[in-house]
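Hello,

I am handing over a structure that you have not seen before. Please look through it first; my notes follow below.

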Amino acid sequence: MAGFFRRRARHERAGFQLYTAAVTAARDPYLYVTLGVPDTLDGRFDSVALHAYLVIRRLNMAPPPGAELAQAVFDAMFSDMDVNLREMGVSDMSVGKRNRAMWEAFHGRSVAYAAAWADGEQLAEAIARNVWRGQEAPAGSPDALVRLVRAQAECLAEQPLEALLRGEITFIPAEEAAR
């Protein structure tokens, strides 16, 4: 049991650094101003979830200890969500329930993106369904987000696991990635 916690602790710092980079990429103003991702709590969650999904996907495709680092990114994400809920004034009694709902939402999105990955049209539909949540997406924005996630995935695939294990990751600026 102690080995399990040491493994988790070994990747905790890198997991937080990778997650922080995903959040920074998810906050790129181009996503909100040009592509029309809703600049709301839900819209920002979906943007963070999409970028975190890309990091976790990359790490899960890597040899060991990629999956352990992916788990550290996931843990960092939901630790951050917990802190954010508390800062927003959500009562201690409700934080766990809300965090679980966000975990389930993230899991559902991850499953949908993975299932649709090979088909650009299906991926655009999955992204639009989650990001715009039943509202009309701006013309061309779902397709631009597909280009963006594919470009980011290629960029992440080229980054060595050794760098990722140190918490070093690079995202392409959203405007460039969406071309």
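**Notes on the model**

Arginine 133 counts as partly exposed because its relative accessibility is 37% (buried means under 20% relative accessible area, exposed over 50%, partly exposed in between, with a 1.4 Å probe and protein chains only). This is a predicted model, in which local features need pLDDT of at least 70, side-chain atom pairs count only at pLDDT 80 or more, and totals for chains, interfaces and linings use all residues. Residues are numbered from 1 along each chain as its sequence is written, and side-chain values use heavy atoms, with hydrogens and water left out.

Arginine 133 sits in the loop between α6 (120–131) and α7 (141–157); helices are DSSP runs of H or I with at least four residues, numbered from the N terminus. Phi of arginine 133 is near 45°, a positive value in a residue other than glycine.

Another loop, between α3 and α4, holds proline 65. The peptide bond that joins proline 64 and proline 65 is cis, with omega about 10°.

Glycine 15 lies in helix α1 and is buried, at a relative accessible area of 0%. Leu69, Ala72, Val73 and Ala76 are in contact with glycine 15, not counting residues up to four places away in sequence (contact means heavy atoms within 4.5 Å). Between the C-alpha atoms of glycine 15 and aspartate 92, which are 77 residues apart along the chain, the separation is 25 Å.

Regards

Notes
Helix = DSSP H or I, 4+ residues; strand = E, 2+ residues; numbered from the N terminus.
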